[in-house]
Amino acid sequence: MQDTGTMEAAPAGGAAVDGGYLLEVENVRKEFPGVVALDNVQLRLKRGSVHALMGENGAGKSTLMKIVAGIYTPDSGSFKLRGEDIKLRGPLDALEHGIAMIHQELNLMAPMTVAENIWIRREPTSRFGFIDHGEMRRKTVALFKRLNIDIDPDIQVGTLSVASRQMVEIAKAVSYESDVLIMDEPTSALTEREVDHLFTIIRALREQGKGIIYITHKMNELFEIADECSVFRDGKYIATKASTEVTRDDIIHMMVGREITQMFPKEEVPIGDVVLSAKGLTLKGVFTDVSFDVRAGEILGIAGLVGSGRSNIAETIFGVTPADGGTIELFGKTVRIDSPATAMKHGMAFLTEDRKETGCFLLLDIQENTQMAVLQSGYVKNGFVQQKQLGTDSVEISQALRVKTPDMAEPIINLSGGNQQKVLIARWLLTRPKILILDEPTRGIDVGAKAEIHRLISKLAGQGVGVIMISSEMPEVLGMSDRIMVVHEGRVTGFLDRAEASQVKIMELASH
Amino acid sequence: MSTNEIAGSANVIGSKKRLPPEVSILGVLIGIAIVFEILGWIFVGDSFLANKQRLSIIILQVSVIGIIAVGVTQVIITAGVDLSSGSVVGLAAMVAASLAQTSANPRAVYPSLTDMSPIWAILAGLGVGLLAGMVNGSLIARTKIPPFIATLGMMVSARGLAKWYTLGQPVALLDESFTWFGKSFNIMGFPLPLPVIVFLLVAVIFHIALGYTRYGKFTYAIGANPQAARVSGINIGGHLIKVYAIAGLLSGLAGVMTAARAASGQPGMGVAYELDAIAAAVIGGTSLSGGVGRITGTVIGTIILGVLTSGFTFLKVGAYYQEIIKGIIIVAAVIIDQHRQNKRKKA
Ligand SMILES: Nc1ncnc2c1ncn2[C@@H]1O[C@H](COP(=O)(O)OP(=O)(O)OP(=O)(O)O)[C@@H](O)[C@H]1O
Ligand SMILES: [Mg+2]
């Protein structure tokens with residue numbers, strides 16, 4: 001689309017004309033115990049271009065990028081940077097060679113400030129070797145100004161929303177001024193507005209002649225930002241195409257190698273009684289006077305911009321941060337929910353947004369991760385875990401969600417991001433909730449599995465479960481919700497029925 | 001469950017064999033034993049291992065540490081630490097001993113409570129430990145102070161209490177029905193002291209508890225990711241109180257065994273035992289950052305400590321050298337183990 005403009009503005013974009021690639025990897029192979037993550041794959045990145053990597057969860061995209069960024073050493077393969085053979089000794093070495101990476105999972109240190117996080121290991125120092133905080137602040141302000149980011153450099157990262165943290169990660173990666181910039185699913189937690197913002201940043205970088213590798217599961221982003229696209233399947237390289245010469249269906253076909261339903265049509269189900277009713281919920285300084293009902297069989301979507309308080313409302317309902325004011329009624333009775341344990345006793349389940357911080361037990365295996373929540377209410381006799389039954393049921397649900405792993409005893413840290421997300425969904429489905437709260441349920445999940453998850457959510461609603469779903473993805477909110485509640489700066493600004501809802505109406509309410 | 005079922009379309013190269021993590025540390029134990037065996041033939045002209053008496057003493061020496069280490073392992077799995085174990089041993093030994101004296105003692109602590117059934121002494125010792133553990137746990141759960149500080153406070157105070165209890169005097173002349181618990185039995189020609197049997201029993205119980213009960217699963221979950229544990233509905237505070245209470249109870253038990261074996265209670269009993277217990281757990285593969293650890297590893301770690309002490313004595317190494325070398329070997333064992341585990345992970 002904007003390609004013509006970009007090409008004119010960036011003569012470097014024509015580097016491919018002289019046959020020179022910024023980055024070339026050939027025949028890369030990487031095995032993990034029990035899995036061939038990459039089977040002789042290749043990737044060629046041109047200067048001044050955005051190269052998308054596509055593939056199902058566990059296809060090997062992140063693994064390939066970790067090799068390019070010096071985090072993993074490949075078992076075999078060649079690696080050329082600016083036409084020269086190199087061998088990376090580690091992530092620092094990669095940075096020094098001009099390769100920076102934004103990881104799929106956030107990697108900021110929560111107790112430190114935004115500025116400290118960005119300049120870590122590169123802190124400006126004063127004459128006596130002390131860290132010059134004033135200078136660090138100035139540099140951060142300058143960087144944010146250039147990227148048009150509006151975040152206080154002195155604020156603690158831990159207090160920021162996931163989306164703001166993602167923007168900090170992006171700024172940090174840009175600050176290295178690297179030639180090759182890898183972005184592993186940077187938009188999985190961003191709303192449309194930040195995605196547009198990110199794309200502006202990416203286009204500017206492309207014009208400076210940088211090469212950007214961009215991993216995403218969102219098909220529309222591919223056509224909006226990418227010049228080229230390489231597809232991987234089961235650790236194998238399939239093909240590289242210019243994004244102008246392929247269609248959505250071509251890509252999906254290359255990705256999965258079989259036919260799939262792309263978008264699951266939501267089933268119409270009878271709506272029952274109110275199962276959850278929030279009345280005037282308030283959490284000081286975060287949201288005020290939030291009231292809504294959820295009925296059995298209903299999917300209530302919550303939409304809003306980043307920082308609008310969507311996730312906070314969900315956390316309060318589930319007792320993670322109990323409310324300061326207002327009441328919650330469950331099945332017609334007023335209940336004080338002071339902890340997640342209490343919420344679960346009343347049949348609630350809550351899939352959180354940040355799978356690394358509040359989701360995964362990274363040291364434990366898939367089985368343990370799947371079963372941790374259900375142990376509160378079932379599969380335990382006289383204190384002993386009924387491991388056999390639990391194992392069978394866990395495998396069943398993991399298969400339904402298409403978790404890709406050699407073995408349930410695999411540590412969850414070894415799973416690809418999307419597969420970790422599936423395990424967390426499995427964890428909550430196993431509890432057979434009556435009220436299901438989902439915060440970004442399909443974050444990082446590939447097209448095929450996404451349709452499957454949508455089908456499952458819809459099926460649960462059909463069984464009378466009340467569902468609250470927060471999502472930054474418009475098509476998901478519009479496609480799945482019976483009703484949409486829009487939140488803006490901690491206040492509910494309106495409800496839209498399925499029939500009347502549209503992207504424009506949501507955006508109007510969301511930005512008021 | 002079959003691996004392929006779940007594998008879906010993954011490129012599975014056949015199911016992988018997982019060695020239990022204890023295997024490498026067991027290797028270290030065997031290695032150390034063999035070194036002593038060889039050195040024994042060279043320097044002493046005798047076998048280190050082919051000696052029932054010595055083998056029995058090795059485990060006897062460490063069984064008290066082992067009982068504590070089983071509790072400490074659970075605490076460390078929750079990403080905590082218990083520094084108070086040694087002091088609680090001392091306090092529990094004093095209290096238990098004071099209720100197990102014979103009327104033959106003209107200066108008994110409680111002249112009216114002599115010649116009693118040993119049950120009371122044992123229950124009192126266990127109770128003291130349990131109470132100390134519950135105080136530790138409640139402090140950590142309710143005030144959110146770091147476990148290091150809470151148990152450091154208990155370490156100092158419990159030791160003080162142990163001394164205050166008899167104003168520093170040892171408690172002697174204990175009833176035989178009580179000291180019986182420190183005795184050995186001949187089982188098939190092998191002298192097996194009761195503390196060893198208690199240690200193994202405790203180890204088996206908590207091995208099962210950690211691996212197969214809800215209590216165990218939650219213990220690992222809290223250490224692995226407290227935030228995720230909370231969102232999964234685990235009452236973290238309540239669970240930590242349980243874990244520290246169990247650790248305290250086991251320290252109390254260790255105190256009772258110590259008093260029974262020594263046939264007296266002394267306020268200085270158990271000094272620095274907490275460090276040996278932590279060392280045993282860590283040598284056995286328990287991670288100080290939480291979420292990882294197994295009782296089987298701790299048992300092997302405990303035995304390694306025992307073999308070291310016994311081996312040095314056997315080789316007639318001077319006491320000062322013993323300590324120096326022991327410190328080095330503890331660190332080396334952990335380094336070797338971690339190195340192997342990393343290699344296995346990366347593979
Ligand atoms: N450290 C590891 N140890 C063992 N297996 C691993 C490890 N890292 C990745 N894998 C396996 O390698 C395969 C590829 O994983 P990778 O993370 O590259 O997938 P991905 O394409 O990024 O998927 P997603 O879209 O879900 O992020 C997966 O099957 C994964 O389980
Ligand atoms: Mg990935």
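Asn148(A) is exposed, since its relative accessible area is 61% and exposed means over 50%. In this predicted model, the residue sits in the loop that links helix 5 (133-147) to helix 6 (162-175) of chain A. Its backbone also deserves a look: Asn148(A) has a positive phi of about 65°, although it is not a glycine. Most residues other than glycine have a negative phi.

A second case of this kind turns up in chain B. Leu167(B) is likewise not a glycine, and its phi is positive, at about 50°. The loop that holds Leu167(B) runs between helix 6 (147-165) and helix 7 (176-179) of chain B. With a relative accessibility of 69%, Leu167(B) counts as exposed, because the cut-off for that class is over 50%.

Beyond its neighbours within four places in sequence, Ser164(A) is in contact with Ile151(A) and Val306(A).

Once neighbours within four places in sequence are set aside, the contacts of Ile366(A) are Thr405(A), Asp407(A), Met408(A), Glu410(A), Ile412(A), Leu415(A) and Val423(A). A further pairing involves Gln420(A), which is 54 residues away from Ile366(A) along the chain, while the C-alpha atoms of the two are separated by 8.6 Å.

In an unreviewed entry, UniProt lists residues 23-259 and 269-509 of chain A under "domain: ABC transporter". For the span 269-509, the C-alpha atoms at the two ends lie 27 Å apart.

Taken as a whole, chain A has 18 helices and 22 strands. The radius of gyration of chain A is 23 Å, close to the 24 Å that the globule rule gives for 512 residues, so the chain is as compact as a globular protein of that length. Along the principal axes, the C-alpha trace of chain A spans about 70 × 50 × 50 Å. Of its 512 residues, 59% are buried. Among contacts in chain A between residues at least 6 apart in sequence, those joining residues at least 24 apart make up 67%. The accessible surface of chain A is about 20,200 Å², and carbon and sulfur atoms contribute 50% of this area. As for charge, chain A carries 57 positive and 69 negative side chains, with the centres of the two sets 3 Å apart.

Chain B can be described along the same headings. Its secondary structure consists of 14 helices and two strands. For its 347 residues, a compact globule would have a radius of gyration near 20 Å, and the 22 Å of chain B agrees with this. The box filled by the C-alpha atoms of chain B, taken along the principal axes, is roughly 80 × 60 × 35 Å. Buried residues account for 54% of the 347 in chain B. When contacts in chain B with a separation of 6 or more are considered, 76% are between residues 24 or more positions apart. The accessible surface of chain B amounts to about 15,500 Å², with 69% belonging to carbon and sulfur atoms.

Technical notes. Residues are numbered from 1 along each chain as its sequence is written. Chains are lettered from A and ligands numbered from 1 in the order in which they are written. Side-chain values use heavy atoms; hydrogens and water are left out. Helices (H or I, at least four residues) and strands (E, at least two) are DSSP runs, numbered from the N terminus. The radius of gyration is taken over C-alpha atoms; the globule rule is 2.2 Å times the number of residues to the power 0.38. Buried means under 20% relative accessible area, exposed over 50%, partly exposed in between (1.4 Å probe, protein chains only). Contact means heavy atoms within 4.5 Å. Accessible areas come from the Shrake-Rupley method with a 1.4 Å probe; for residues, only the protein chains shown count as cover. UniProt positions are given in the numbering used here, feature names are shortened, and annotations may be inferred rather than shown by experiment. Lys and Arg count as positive and Asp and Glu as negative; His and the chain ends are not counted. The place of a charge is taken as NZ of Lys, CZ of Arg, CG of Asp or CD of Glu.
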